[in-house]
Amino acid sequence: MSNALDDADDADDAGDADDAGDANDVGDANAVDAIDANNVVDAGDANRFAGGRARSFGERLRARWAGIGHRSNGHRPPERTAFVLGGGGSRGAVQVGMLQELIRRDIRADRVFGASVGAINGASYAGRPNLENAERMADIWRAIKGTDIFPRGALDGPWAFLQKRPSVHANTGLRAIIEAGIDYENLEDAIIPIEVVTTSLTDGRERWIGHGPAVEAVLASSAIPSIFPPVIIDGDMLVDGGVVNNVPISQAIAAGCDRIYVLLCGPLHYHPPAPRRPLEAQLTAFFVAIHARFIRELASLPPGVEVVVFSGGGEPSGEYRDFSATATLIEEGRAEVADVLDRYAGTSQSLTHATRPAP
């Protein structure tokens, strides 16, 4: 778990240039390099990657109080919490366990942002953000077999990718899973506002969808290129949002969220085995690319933004049809969130209740 914690205020409100600098360096006493996914970093620590000096705990504590004390109105705005759910294929089951434990701890999102399988899980959570629905999500996941979503055809294996058609598989099985998890018609009908990211094959840009038919939007966000056909929405040909923004914390920040819980499906840093075949090399390059953007964004958090990252454990499976570890992944996700929240409970960096000093 990497927990990017920064309790400073925006530089515009902090006062002079020195206070703005403090705002970039405030954080937990255990400030370390974000490369270590088992420790704590903050937005100031992220700036240290360029070689800046780490401040002592006393300096950071004074900076925190200075940042809060220099507010023009004497009060810090209430926190706005986001859940950001990244992509990860069959490992998406780990997010269900994470959501179960977050709900048990009374941690609730004000906004939800999802990519690929994270859009599937995020849309279900946003519609009914309670434990009963989270348990229902777990039941849906545990019942999935690889062939439900990726049925084997007459031409299976590498030959399936050489056929002259939009994708290897139809999206009927995927659509059925999405429909089972979502009980509202349009995205704007969700209890918690949700946005899902897609990739436009029309102009190559990321396209965010927060309104309109929920199933179609989520289907587009999870349409893995070549595996599933593109989805047409408003004349735009859309595929998996993970291609351009697999862990969209930037969208949460742009929406004004200052506490962001990131639910990954795999480790913070991708360490792939050496590829043995051309296709493996291509997939490895793809995963490296989508991980790189998240790491860059995590290393350049603006002041006042706290990010808690739940890594989700192991590496992506080499077999995209493999759902055999679903039950284990759900439990691992729950256990990771419980461990992280318990570790900081009762400290100044408690992740359950973000208490702030009174002015």
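The model is predicted: local features need pLDDT of at least 70, side-chain atom pairs count only at pLDDT 80 or more, and totals for chains, interfaces and linings use all residues. Residues are numbered from 1 along each chain as its sequence is written, and side-chain values use heavy atoms, with hydrogens and water left out.

Stop 1: Select strand 5 (residues 194–200) and strand 6 (residues 206–209), which pair in the antiparallel sense over four bridges. Strands are DSSP runs of E, at least two residues; helices are runs of H or I, at least four, and both are numbered from the N terminus. Pairing takes at least two DSSP bridges. Find Val-197, opposite Trp-208. Five residues separate the strands, and Gly-204 in the turn has a positive phi of about 80°.

**Stop 2: salt bridges.** The cut-off is a side-chain nitrogen of Lys or Arg within 4 Å of a carboxyl oxygen of Asp or Glu. The count is 16. Select Glu-195 and Arg-111, bridged at 2.6 Å, N to O. Glu-195 is in strand 5 and Arg-111 in strand 4, 84 residues apart. Both are buried (under 20% relative accessible area; exposed is over 50%, partly exposed in between; 1.4 Å probe, protein chains only).

Next, select Arg-105 and Asp-342, bridged at 2.9 Å. Their network of salt bridges also includes Arg-104 and Glu-135.

**Stop 3: Ser-124.** Look in helix 6 (residues 117–127). Why does Ser-124 count as buried? Because its relative accessibility is 4%. Beyond neighbours within four places in sequence, its contacts (heavy atoms within 4.5 Å) include Asn-133 and Gly-181.
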